[in-house]
Amino acid sequence: MEAKDCKTPQDVVKVVQEQGVKAIDFKFMDFPGLWQHLTVPSTALSEDSFTEGVGFDGSSIRGWQSIHESDMLMMPDPATAMIDPFCEIKTLSLVCNIVTPITKEKYTRDPRNIALKAEAYLNSTGIGDTSYFGPEAEFFIFDDVRFDTAANKSFYSVDSIEGQWNSGRDEKPNLGYKPRYKEGYFPTPPGDHFMNLRNEMMMTLMECGIPIEAQHHEVATGGQSEIDMKYDRLTHQADKLMLFKYVIKNVANKYGKTVTFMPKPLFGDNGSGMHTHVSIWKGGKNLFAGNSYAGMSELGLHFIGGLIKHAGAILAFAAPSTNSYKRLVPGYEAPINLAYSQRNRSAAIRIPMYSPSEKAKRVEFRPPDPSCNPYLTFSAILMAGLDGVMNKIDPGDPLDKNIYDLPAEEAKLIKKVPGSLEDALAALEADHDFLLRGDVFTEDVVEHWVEYKMKHEVDAVRLRPHPYEFALYFDI
């Protein structure tokens, strides 16, 4: 048996014994969106580990417990078993849910538990039984990154052999072939420097159980890339996106490169988005397929209505960094316009028209970026869309015109996504009742998310002088 075929605790124990596994690595998601892990010898794993859990200090995890109630338990999910391709000794990885040790209740701030509750809520409504998600997470491959901030200084510097800014650098020799700004989609090698690296990333992902549809260079210079995963159910796809990031970063590290999923690391070129495809199914039938606009069903259009209505609140999770709004800027190609279209990529919501198949009918929500916590983001998207379905929210007329050629008076009528993380958090504070249904999100989760983001990110950034402010104001 292969680790990726495990379904039960017995399966996992069998794989550990048969394949000579030496260590078990337990992974879980913190509140903001990074994987954490704890490793034990394989002799410490038994079938009881899946019911009794593995203890750890929850007060040391960002956004979680207070020091006086710190004990927490990790409960491994056997369906997430995988042999880690980067460990020197044979190590089996398991993704965990978090529970409180006294009652064994699922911890409400555990993002994976929220995703599982969102899927359960969909079933409870009777609307559908499965939600499929397909994220397109873009990233940059750099050769060097340096940054620092202190009371008297602040700077960052990233570099890439592929960066257009290095076209005049003495590289002994400089061989050229550096994609021009905004012209990185899709050059062949040698212009695309990272074909072989992305191929290894792709093959490693597939070996880890993630089906891949394509890999390619993206629009920006400096190594912007994309590798597309096949869609999957909400929680499993969030698991896969975290594994995706882990694999991409570690393959790059193996070759002395570094990867960032930060949405806007370069000035003056495209940022990294995470266009997210979603559909709802019931009894094996795609509920988004129909005879309305762009082959959508009425239910699918109402789902879009929910996304448009609650977009501000969704973006508090889906575009959750101050840096996210360096990408979502008016006047460029960013998907900031709260409208839908069958082909228009400047709209926040697109209905892809690549295939006439009913199975391929889906909605593409374009504002999210890969800095997000996918469990929270996918859950918020699903809850907003379901609110649209249940309340038959009209999405309005589609926008099939070029938004950037519209007269100013007409363009002003199109609503926009929030312009900053602070605005998105304010939208979430004002509009989150739809998230509370089925106890999917809780008031505590929403309040703590807003509080954490304001204190540790919004306020932290606005309290510090920006390097460009010296260029603007030092000689005043």
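Which residues form a nonpolar patch on the surface? Val145, Phe147, Tyr156 and Phe267 do so, and together they have about 550 Å² of accessible area. Patches are made of residues with over 30% relative accessible area and no salt bridge, like charges being joined within 9 Å and nonpolar side chains (Val, Leu, Ile, Met, Phe, Trp, Tyr) within 5 Å. Val145 belongs to strand S8 (residues 144-149), and its relative accessibility of 38% makes it partly exposed. Buried here means under 20% relative accessible area, exposed over 50%, and partly exposed in between (1.4 Å probe, protein chains only).

The model is predicted, with local features needing pLDDT of at least 70 and side-chain atom pairs counting only at pLDDT 80 or more, while totals for chains, interfaces and linings use all residues. Residues are numbered from 1 along each chain as its sequence is written, and side-chain values use heavy atoms, with hydrogens and water left out.

## The chain as a whole

The secondary structure of the chain comes to 14 helices and 18 strands, where helices (H or I, at least four residues) and strands (E, at least two) are DSSP runs numbered from the N terminus. The radius of gyration is 23 Å, close to the 23 Å that the globule rule gives for 476 residues, so the chain is as compact as a globular protein of that length. That radius is taken over C-alpha atoms, and the rule is 2.2 Å times the number of residues to the power 0.38. The C-alpha trace spans about 65 × 60 × 50 Å along its principal axes.

Of the 476 residues, 54% count as buried. The accessible surface of the chain comes to about 21,900 Å², and carbon and sulfur atoms hold 53% of that area; accessible areas come from the Shrake-Rupley method with a 1.4 Å probe, and for residues only the protein chains shown count as cover. Among contacts between residues at least 6 apart in sequence, 67% join residues at least 24 apart, a contact being heavy atoms within 4.5 Å.

## Two strands and their partners

In a regular strand the side chains alternate between the two faces of the sheet. S3 runs antiparallel to strand S4 (residues 71-76), to which four bridges join it, and Val54 stands opposite Met74 in S4. Two strands pair if DSSP finds at least two bridges between them.

In strand S11 (residues 224-229), six of six residues are buried. Gln224, Glu226 and Asp228 lie on one side and Ser225, Ile227 and Met229 on the other, so that both faces are covered. S11 pairs with strand S7 (residues 130-142) in the antiparallel sense over three bridges, with Gln224 as the bridge partner of Phe140. Five bridges join S11 to strand S10 (residues 212-217), again antiparallel, and here Met229 is the bridge partner of Ile212. The hairpin of S10 and S11 has six residues between the strands, and within this hairpin Gly222 takes a positive phi near 75°.

## Salt bridges

Side chains of opposite charge can pair when their charged atoms come close. Taking a salt bridge as a side-chain nitrogen of Lys or Arg within 4 Å of a carboxyl oxygen of Asp or Glu, the count comes to 23. The table lists some of them.

| Arg169 | Asp159 | 2.9 Å |

Arg169 is partly exposed, at 33% relative accessibility. Arg180 is exposed at 52%, whereas Glu183 is partly exposed at 46%.

## A buried loop residue

Leu328 lies in the loop between helix H8 (324-327) and strand S16 (337-341), and it counts as buried because its relative accessible area is 3%. Leaving aside neighbours within four places in sequence, Leu328 is in contact with Leu315, Ala319, Ala334, Pro335, Ile336, Pro367 and Val417. Leu301 is 27 residues from Leu328 along the chain, and the C-alpha atoms of the two are separated by 24 Å.
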